[in-house]
Number of protein chains: 2
Amino acid sequence: MAEVRALLFDVFGTLVDWRTAIAREARALLGARGVAVDWEAFADAWRDQYQPAMEEIRSGRVPFSRLDALHRRNLDIVLDRFELNHIDEPTRTDLNFAWHRLDAWPDVALGLERLRVRFRVAPCSNGNISLMVDLARHNGFLWDAILGAEVARDYKPRPIVYLSSAAAFDCAPEQTMMVAAHSSDLAAAAQAGLRTAFVARPDERGPGRGERRAAVPVDLQVENLLELADRLDCP
Amino acid sequence: MAEVRALLFDVFGTLVDWRTAIAREARALLGARGVAVDWEAFADAWRDQYQPAMEEIRSGRVPFSRLDALHRRNLDIVLDRFELNHIDEPTRTDLNFAWHRLDAWPDVALGLERLRVRFRVAPCSNGNISLMVDLARHNGFLWDAILGAEVARDYKPRPIVYLSSAAAFDCAPEQTMMVAAHSSDLAAAAQAGLRTAFVARPDERGPGRGERRAAVPVDLQVENLLELADRLDCP
């Protein structure tokens with residue numbers, strides 16, 4: 001790995017635990033309005049709309065729009081499905097911003113701090129810039145730049161998102177490592193020529209409902225970012 | 001200024017002293033090859049090619065390319081003008097990266113550190129992302145994001161550069177303040193609806209050859225970033 005100069009990070013699921021915070025915020029905001037549902041199922045249902053919404057853009061059927069806008073349209077779909085059409089506009093807006101307030105897995109802040117001593121670091125997420133900025137402020141991440149979908153104006157796993165992120169750091173694909181907890185993300189990054197590191201997040205979708213091992217060939221496979229820092233010789 | 005949430009910074013001249021470092025690096029790199037010229041005049045000549053190169057892109061005559069590429073073409077023009085056509089390719093490449101190694105004015109690192117406690121902060125420069133990242137690493141700046149020309153795919157003073165930078169932070173133009181040492185930059189930002197702060201850099205182009213006072217109406221006028229932090233109530 002001597003020539004790797006930059007690390008790109010997937011964010012939802014890899015660095016932050018979206019499911020716990022979305023369920024908690026939905027419970028707080030909607031529960032206060034007398035709603036009682038399975039909040040984890042609500043979080044999962046909202047997340048399940050994520051790929052179909054992006055696919056509309058990746059396929060070229062609709063022009064690029066930021067993830068905040070997709071999350072908002074998806075929320076309306078999910079509220080309808082849970083028969084919660086009475087939820088008012090300000091509450092929907094507030095709940096949509098729950099994605100800006102997700103908590104990091106416990107190894108992330110310290111792991112990133114160690115990794116950034118030796119490497120350029122940036123998120124390469126499908127989240128928009130302001131969402132990444134808010135997550136960084138909320139969790140104490142220090143990024144060199146915010147890269148990914150909004151800068152590339154397309155969504156992962158389209159190759160342009162990985163390639164434009166590497167290029168923004170003046171790095172060739174092989175000088176850039178994608179770090180993610182999802183085999184599909186890493187397969188696409190590897191296909192674009194990047195190095196890959198798999199981070200196990202076995203509880204991403206609830207206990208035991210995340211990926212424990214990469215389902216595709218990767219350059220590194222680690223349990224968390226502290227092990228990644230060890231493996232990449234970051235003191 | 002109660003509603004300002006984000007500060008956008010011009011970089012060349014406002015945060016970093018391009019002339020001293022470019023003259024010094026040209027002297028070191030070309031002087032080692034037996035060249036002796038007026039190094040400050042060489043730096044000025046290189047910088048003088050900056051606006052005409054960007055104007056080709058702003059006018060739509062040529063597609064967007066990053067400032068590193070424009071700097072490199074401008075360097076070839078200036079070397080030709082100084083009758084230095086014998087300078088080899090690796091030296092030209094190395095010298096072009098002198099723009100990534102500029103030193104900040106002495107108030108900037110501490111000023112930014114204070115300002116970022118209360119505000120989202122980003123460069124809104126015509127420099128490309130990797131150039132901004134290298135200057136940040138070199139000078140210890142901590143940015144929330146790298147915004148500006150490469151993200152907007154156009155060059156200041158085109159309004160899209162200011163407006164897309166504000167939008168990336170989820171800010172309306174009037175919630176965003178452009179900070180610069182150049183009246184022309186601030187006039188364009190104000191025209192786009194942003195607040196403006198003028199920072200005096202009277203020695204930018206050599207002793208007494210920079211702007212001491214704004215030549216256009218601005219919201220704030222300060223001597224340096226420490227005074228800006230005071231005026232914006234940043235402890």
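Me: What should I know before we start?
Reply: It's a predicted model, where local features need pLDDT of at least 70, side-chain atom pairs count only at pLDDT 80 or more, and totals for chains, interfaces and linings use all residues. Residues are numbered from 1 along each chain as its sequence is written, while chains are lettered from A and ligands numbered from 1 in the order in which they are written.

Me: OK, how many residues of chain A are in contact with chain B?
Reply: 13 residues of chain A are in contact with 13 of chain B. Contact means that the C-beta atoms, placed from the backbone, lie within 7 Å.

Me: And which helix of chain A gives the most to that side?
Reply: Helix α7 (residues 129-139) of chain A, with 4 residues. Helices (H or I, at least four residues) and strands (E, at least two) are DSSP runs, numbered from the N terminus.

Me: Switching topic: what's the strand order in the sheet of chain B?
Reply: The order is β3-β2-β1-β4-β5-β6, an open sheet of 6 strands with parallel pairing. Strands pair if DSSP finds at least two bridges between them. At the edges sit β3 (147-148) and β6 (220-222) of chain B, each pairing on one side only.

Me: What does β4(B) pair with?
Reply: β4(B) is joined to β1(B) by 4 bridges, running parallel, and Phe9(B) stands opposite Val179(B) there. β4(B) also pairs with strand β5 (residues 195-199) of chain B, in the parallel sense over 4 bridges.

Me: Is β4(B) mostly covered or uncovered?
Reply: Mostly covered: 5 of its 5 residues (176-180) are buried. Buried means 20 or more other C-beta atoms within 10 Å of a residue's own, exposed means 12 or fewer, and partly exposed is in between, with C-beta atoms placed from the backbone. Thr176(B), Met178(B) and Ala180(B) point one way, and Met177(B) and Val179(B) the other.

Me: Why is helix α9 of chain B called largely enclosed?
Reply: Because 7 of its 10 residues (159-168) are buried. Among them are Val161(B), Tyr162(B) and Ala168(B). Just after α9(B), Asp170(B) takes a positive phi of about 60°.

Me: Last one: what does Ala145(B) touch?
Reply: Leaving out residues up to four places away in sequence, Ala145(B) touches Ile129(A), Val133(A), Ala145(A), Ile146(A), Ala122(B) and Ala168(B).

Definitions and conventions. Contact = placed C-beta atoms within 7 Å.
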